[in-house]
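This briefing sets out selected features of the structure shown below. Points are grouped by topic.

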Amino acid sequence: MGRKSSNKDLRKANAAKKDEFYTQLVDIEKELKFYKKQFRDKIVYCNCDDPFESNFFKYFAANFNALGLKKLVTTSYVKSPIVGGQLLLFDVEGLKPSGKEPFKIEIKKVPDADANGAINIDDVEYLLKHDKNTATSLRKSGDFRSDECIELLKQADIVVTNPPFSLFREYVAQLVKYRKKFLIMGNQNAITYKEIFKLIKENKMWLGQSLNGKNILFQIPDHYASYYKIIDGKKYAFPKGVVWFTNLVVPKRSEELVMYKKYNREEYPKYDNYNAINVDRTEQIPMDYAGVIGVPITFLHKYNPNQFEIIDGLNRYTILDVAGLNDNAVRNHLHMTEIDGKSTYFRVLIKNKKLKK
């Protein structure tokens with residue numbers, strides 16, 4: 001086991017455009033178990049995945065029949081550093097022997113090839129080795145923005161993947177443009193992006209069921225110099241604040257937050273230049289305050305749209321104005337989240353729907 005860096009891996013990856021973070025199967029299983037019924041008879045597209053290394057592909061392929069999928073489509077990117085790392089490409093019918101060109105895998109059914117009564121990854125491997133129509137080479141790079149991949153996106157019902165964090169805004173914008181259901185991974189700080197926060201406020205995007213911003217291990221390519229640890233000869237990063245973003249039905253969004261504290265001026269100061277009280281922890285939200293409340297982004301893990309209304313987002317310098325709230329007076333003030341001259345972090349502005357002011 002070796003250690004070369006701390007939790008700065010994700011920021012370094014963004015700066016260097018090193019986005020090959022491969023999700024572990026256990027983390028995929030923990031989240032996707034909450035959506036099984038929503039996948040029935042759907043076309044699932046994993047458009048940022050090397051099928052021979054992607055655990056998203058393994059999960060959906062091995063559970064194809066159990067989930068009742070209509071079709072599974074995955075596409076690889078030409079620059080994937082680990083293409084063909086587990087299943088030799090020259091063993092796969094329909095692909096060129098060079099093994100480094102971008103390709104598409106399309107599965108419409110997974111038969112029980114070994115007749116053991118269970119469908120698993122061995123049956124998928126047999127399918128890939130013997131059905132030349134399952135795997136085909138792509139004409140272009142396999143980039144999710146290419147015309148070829150956009151056409152596949154248009155045909156899909158649900159997109160599930162871990163997209164490049166450095167391209168997160170652009171990736172989400174494409175999903176919204178084509179009105180797709182999705183379940184994707186991202187960094188929790190993406191909540192503070194104006195484009196992303198607008199979708200959250202409008203209830204077009206929200207956080208998934210698991211993770212809650214916890215740190216999890218991601219496998220990274222062997223050539224990455226910076227890594228957190230080595231397990232069984234493979235390098236892993238340990239980035240902070242990873243969450244699921246989705247527009248699928250999430251069970252916890254219907255759970256009401258239990259509040260037990262009452263408002264008092266001493267404990268809940270107002271911002272210097274904005275009429276809202278500050279709350280540092282979600283569990284400290286007062287049950288009896290009907291005005292605007294500034295809460296940390298971690299509140300969104302407990303957000304129930306039937307219980308609270310998101311007004312806007314407030315950072316150190318100004319409100320995001322996704323709700324068009326800025327007037328001339330607000331625009332002329334800086335350090336919006338200062339309290340007694342001291343800055344706080346980004347705040348989500350909310351109101352309790354159950355209370356009338």
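Strand β4 (residues 103-107) and strand β5 (residues 135-137) run antiparallel and are joined by 3 bridges. The model is predicted.

- Strand β4 is mostly covered, with 5 of its 5 residues buried.
- F103, I105 and I107 point one way from β4, whereas K104 and E106 point the other way; all are buried.
- In general terms, the strands of a sheet pair through backbone hydrogen bonds, in either a parallel or an antiparallel manner.

- The loop between α4 (64-67) and β3 contains G68.
- G68 counts as buried because its relative accessibility is 18%, and the cut-off for buried is under 20%.
- Apart from neighbours within four places in sequence, G68 is in contact with F39, R40, D41 and K42.
- One of these residues, R40, is 28 residues from G68 in sequence, yet the C-alpha atoms of the pair are 4.7 Å apart in space.

**The open sheet of β13, β14, β16 and β15**

- The 4 strands of this open sheet follow the order β13-β14-β16-β15, and their pairing is mixed.
- Its edge strands, β13 (277-278) and β15 (308-314), each pair on one side only.
- Strand β14 (residues 293-295) and strand β16 (residues 347-352) run antiparallel and are joined by 3 bridges.
- Within β16, L349 is the bridge partner of G294.
- Helix α8 (residues 194-201) packs on the sheet, where it touches β15 and β16. The direction of α8 makes about 165° with that of β15.

**Helices α7 and α8**

- Helix α7 (residues 168-177) and α8 have axes that come within 9 Å and cross at roughly 40°.
- The two helices are therefore oblique to one another, as angles under 35 degrees would count as roughly parallel and those of 65 to 115 as roughly perpendicular.
- The contact brings F168, R169, V172 and V176 of α7 together with E195, I196 and L199 of α8.
- By residue class, this contact comprises 5 nonpolar, no polar and 2 charged residues.

Technical notes. Residues numbered from 1 in each chain as written. Predicted model: local features only at pLDDT ≥ 70, side-chain atom pairs only at ≥ 80, totals over all residues. Heavy atoms only, no water. Buried < 20%, exposed > 50% of the residue type's maximum accessible area, 1.4 Å probe, protein only. Pairing = 2+ DSSP bridges. Contact = heavy atoms within 4.5 Å. Axes fitted to C-alpha atoms, helices over the stretch in contact; angles between N-to-C directions. Parallel < 35°, antiparallel > 145°, perpendicular 65-115°, else oblique. Nonpolar A, V, L, I, M, F, W, Y, C, P; charged D, E, K, R; others polar.
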